[in-house]
Amino acid sequence: MTHRITLRRDGAAFEFVARHGQTVLDAALAGGVDYPFNCRVGACGTCLTEVLEGDFRCRVDVCAVQFPEPAQNLALACQTVALSDLTLTLVTPTESSI
Ligand code: FES
């Protein structure tokens with residue numbers, strides 16, 4: 001199973017496909033999308049993403065600790081997998097979000 005992911009960035013839309021269980025970040029990089037990242041373990045916040053549409057889940061407990069309010073629709077792309085097609089935008093991390 002795959003999901004189509006659309007990243008809205010700088011007025012443009014970039015599309016890529018995520019395989020089942022593949023993180024959003026890994027799918028973006030495999031699809032040739034220039035997606036910001038650093039640690040890839042959920043620690044730095046560089047890949048912080050707002051999910052505009054679609055369902056997702058975090059692979060590890062770090063997301064529940066950092067984002068206790070799921071309604072914020074914030075996700076770390078390096079730790080997030082799609083449960084449906086997604087539309088995303090990047091978020092500039094701040095001290096309070098990480
Ligand atoms: S790359 Fe560091 S939190 Fe995702």
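Predicted model: local features only at pLDDT ≥ 70, side-chain atom pairs only at ≥ 80, totals over all residues.
**Entry 1. Overall layout**

I began with the secondary structure and found two helices and seven strands. Read along the sequence, the elements follow the pattern β-β-α-β-β-α-β-β-β. I then looked up burial: of the 98 residues of the protein, 28% count as buried. For contacts with a separation of 6 or more, I noted that 59% come from residues 24 or more positions apart.

**Entry 2. The sheet**

Which strands make up the open sheet, and in what order? I read five strands in the order S2-S1-S7-S3-S5, with mixed pairing. The edges are S2, residues 12-19, and S5, since each is listed as pairing on one side only. I also took down the angle between neighbouring strands, which is 35° on average with direction ignored. As background, strands of a sheet pair through backbone hydrogen bonds, either parallel or antiparallel.

**Entry 3. Pairings, strand by strand**

I went through the S1 and S2 pair and found that the two strands run antiparallel and are joined by eight bridges. Within this pair, Leu-7 has Phe-14 of S2 as its bridge partner, and Thr-6 stands opposite Glu-15 in S2. S1 and S2 form a hairpin with two residues between them. In that turn I noted Asp-10, whose phi is positive at about 50°.

Next I took S1 against S7. This pairing is parallel and has four bridges. Ile-5 is bridged to Leu-86 in S7, and Thr-6 is bridged to Thr-87 in S7. Glu-50 has Thr-89 of S7 as its bridge partner.

**Entry 4. The largest nonpolar core**

I looked up the largest nonpolar core and counted in 21 residues. Ile-5, Val-24, Leu-25, Ala-28, Cys-47, Ala-77 and Ala-82 touch the most other members. At least two residues each come from strand S1 (2-9), helix H1 (24-30), strand S3 (48-53), strand S5 (74-76), strand S6 (80-82) and strand S7 (86-90). Which element gives the most to this core? H1 does, with four residues. In soluble globular proteins, nonpolar side chains tend to be buried together.

I followed up Leu-25, one of the core residues named above. Leaving aside neighbours within four places in sequence, Leu-25 is in contact with Tyr-35, Phe-37, Arg-40, Cys-47, Ala-77 and Cys-78. Cys-47 and Ala-77 are also among the residues that touch the most other core members.

**Entry 5. Ala-82**

I placed Ala-82 in strand S6. Is Ala-82 buried or exposed? Ala-82 counts as buried because it has 27 C-beta neighbours inside 10 Å. Outside the four places on either side in sequence, its contacts are His-3, Ile-5, Ala-18, Val-24, Gly-54 and Phe-56. I checked one of these by C-alpha distance: Ala-82 and Ile-5 are 77 residues apart along the chain and separated by 8.3 Å.

**Entry 6. Val-51**

Val-51 is in strand S3. I noted 20 other C-beta atoms within 10 Å of Val-51, so this residue is buried; the cut-off for buried is 20 or more. Beyond four places in sequence, Val-51 is in contact with Phe-56, Asn-73, Ala-75, Leu-86 and Leu-88. For Leu-88 I also took the C-alpha separation from Val-51, which is 4.6 Å across 37 residues of chain.

**Entry 7. Arg-8**

I turned to Arg-8, which is in strand S1. With neighbours within four places in sequence left aside, the contacts of Arg-8 are Ala-13, Thr-87, Leu-88 and Thr-89. Arg-8 and Leu-88 are 80 residues apart in sequence and 6.1 Å apart in space, C-alpha to C-alpha.

I close with a cross-reference on Leu-88: this residue is listed as a contact of Val-51 and as a contact of Arg-8.

Methods:
Residues numbered from 1 in each chain as written. Core = buried A, V, L, I, M, F, W, Y, C linked by C-beta atoms within 7 Å. Buried ≥ 20, exposed ≤ 12 C-beta atoms within 10 Å, placed from the backbone. Contact = placed C-beta atoms within 7 Å. Pairing = 2+ DSSP bridges. Axes fitted to C-alpha atoms, helices over the stretch in contact; angles between N-to-C directions.
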